[in-house]
Each structure stands twice: as C-alpha cells, then as structure tokens.
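Subject: Structure handover

Hello,

Here is the structure you will be taking over. My notes on it follow below.

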Amino acid sequence: MNQQDLNRDQMTPDQARATLDSAPRLDDTGHDRRIHGWATAAFGALVGGYVGLYQALPEGNSARNVITAFYVLLLFGLAAWQTKNIRLWPRHSKVTGYAALGCTVMLAGIGTMALNFLESRTGVRAEVSPLWYAVAAIVIAGPMLVAGWIIANRRS
C-alpha cells in the first residue's frame with residue numbers, strides 16, 4: 001500500500017465533523033443523571049448509617065450480624081436498581097462518585113480506628129453518646145451525599 005492509497009482512505013476534518021454531526025445521539029433527559037445522583041447519595045447514606053449503627057451497638061451483640069447482612073443486601077439491591085435503570089453514564093459521574101467513595105471510606109476508617117485506638121489504650125470500650133454516632137454517620141455519608149447532588153444537578 002502506498003501513500004496515495006492511505007491519503008484516499010482518510011477523511012478531511014470537515015468530513016469527520018459532518019459524520020459526527022449526523023450520528024444519532026442518546027437523549028440527555030436528565031434521567032441518568034438523577035439515577036446516578038440518587039444511587040451515589042444512597043450508597044453514602046448506607047455506608048454512613050451502617051458504620052454509625054454498627055459502632056453504636058455493644059460488642060458481641062447479635063444484632064450486628066443481622067445489620068451487616070441487611071446492609072450487604074441493600075448494597076446489592078441498590079447496585080442492581082442503578083444498573084437496571086440507566087442507559088449511559090453521565091459525564092464525570094464515575095470520577096465524582098469514586099472520589100466521594102474514597103473520602104467516605106477514609107472517614108469511616110478514621111472513625112473506626114479512633115474508637116479502636118481509644119479502646120486499646122484504655123482497655124474499655126469508649127462510652128460515646130448516641131448523638132455522636134449519628135453525627136459520625138452524617139459526616140461519613142457527607143461526601144457521597146454531596147457527590148450525588150452534584151451528579152444529579154450537573155448540566156454538562
């Protein structure tokens with residue numbers, strides 16, 4: 001194949017632009033943005049609620065096992081709902097969601113490690129007001145709640 005054959009098979013920039021303009025597009029009705037926004041916020045609320053509730057219960061409480069099983073079922077159910085109801089990923093939603101998930105997991109880890117550190121230092125489980133567990137749950141869920149709002153309301 002020579003240079004003339006290669007040049008003949010290539011499009012000009014104007015031809016490429018015209019081809020792109022005539023290509024069918026998926027409608028951006030906001031449906032997918034809302035689904036991803038709600039799912040991201042719900043994942044954050046689940047993680048925050050689980051960590052707050054799990055840490056609030058005394059160690060050895062059998063309700064912890066039930067809560068963990070219910071938490072896992074809700075995570076899978078939410079993921080299935082999100083997957084079933086979307087057509088495409090909105091622009092930047094993966095990056096926004098994963099960054100928020102990283103912050104949420106980091107906050108959950110810091111909170112859990114702090115309680116474990118206090119317990120190892122004192123030898124006694126820290127007596128923390130239930131209000132603090134609720135605040136911790138909201139703080140842990142915060143990054144994903146904000147990311148969900150951003151994803152649902154972004155217009156580009």
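A charge sits over a ring if NZ of Lys or CZ of Arg is within 6 Å of the ring centre and within 35 degrees of the ring normal. By that rule, the charged end of Lys94 sits over the ring of Trp89, 4.9 Å from its centre. Arg64 lies over the face of Tyr54, at 4.1 Å from the ring centre.

Some ground rules. This is a predicted model, where local features need pLDDT of at least 70 and side-chain atom pairs count only at pLDDT 80 or more, while totals for chains, interfaces and linings use all residues. Residues are numbered from 1 along each chain as its sequence is written, and side-chain values use heavy atoms, with hydrogens and water left out.

Now the aromatic rings. Rings of Phe, Tyr and Trp (its six-membered ring) pair if their centres lie within 6.5 Å; planes under 30 degrees apart count as stacked, over 60 as edge-to-face and the rest as tilted. The whole structure holds 2 aromatic pairs. In one, Tyr50 and Tyr54 have ring centres 5.4 Å apart and planes at 35 degrees, so this pair is tilted. Both residues lie in helix α3 (residues 31–56), 4 residues apart, or about one helical turn. Helices here are DSSP runs (H or I, at least four residues), numbered from the N terminus.

Tyr50 is buried at 17% relative accessibility. Tyr54 is partly exposed at 26%. The cut-offs: buried means under 20% relative accessible area, exposed over 50%, partly exposed in between (1.4 Å probe, protein chains only).

Tyr50 also pairs with Tyr71: the centres are 4.0 Å apart and the planes at 10 degrees, so these rings are stacked. This pair links distant parts of the chain, with Tyr50 in helix α3 and Tyr71 in helix α4 (residues 63–84), 21 residues apart. Tyr71 is buried too, with a relative accessible area of 16%.

Next, the core. A nonpolar core is a set of buried Ala, Val, Leu, Ile, Met, Phe, Trp, Tyr and Cys residues joined through side-chain atoms within 4.5 Å. The largest one has 15 residues. Phe43, Val47, Tyr50, Val51, Tyr71 and Ile140 touch the most other members. Two or more residues come from each of α3, α4, α5 (93–122) and α6. Helix α3 gives the most, with 6 residues.

Last, Val135. This residue lies in helix α6 (residues 130–153). Val135 is partly exposed, at 36% relative accessible area.

Best wishes
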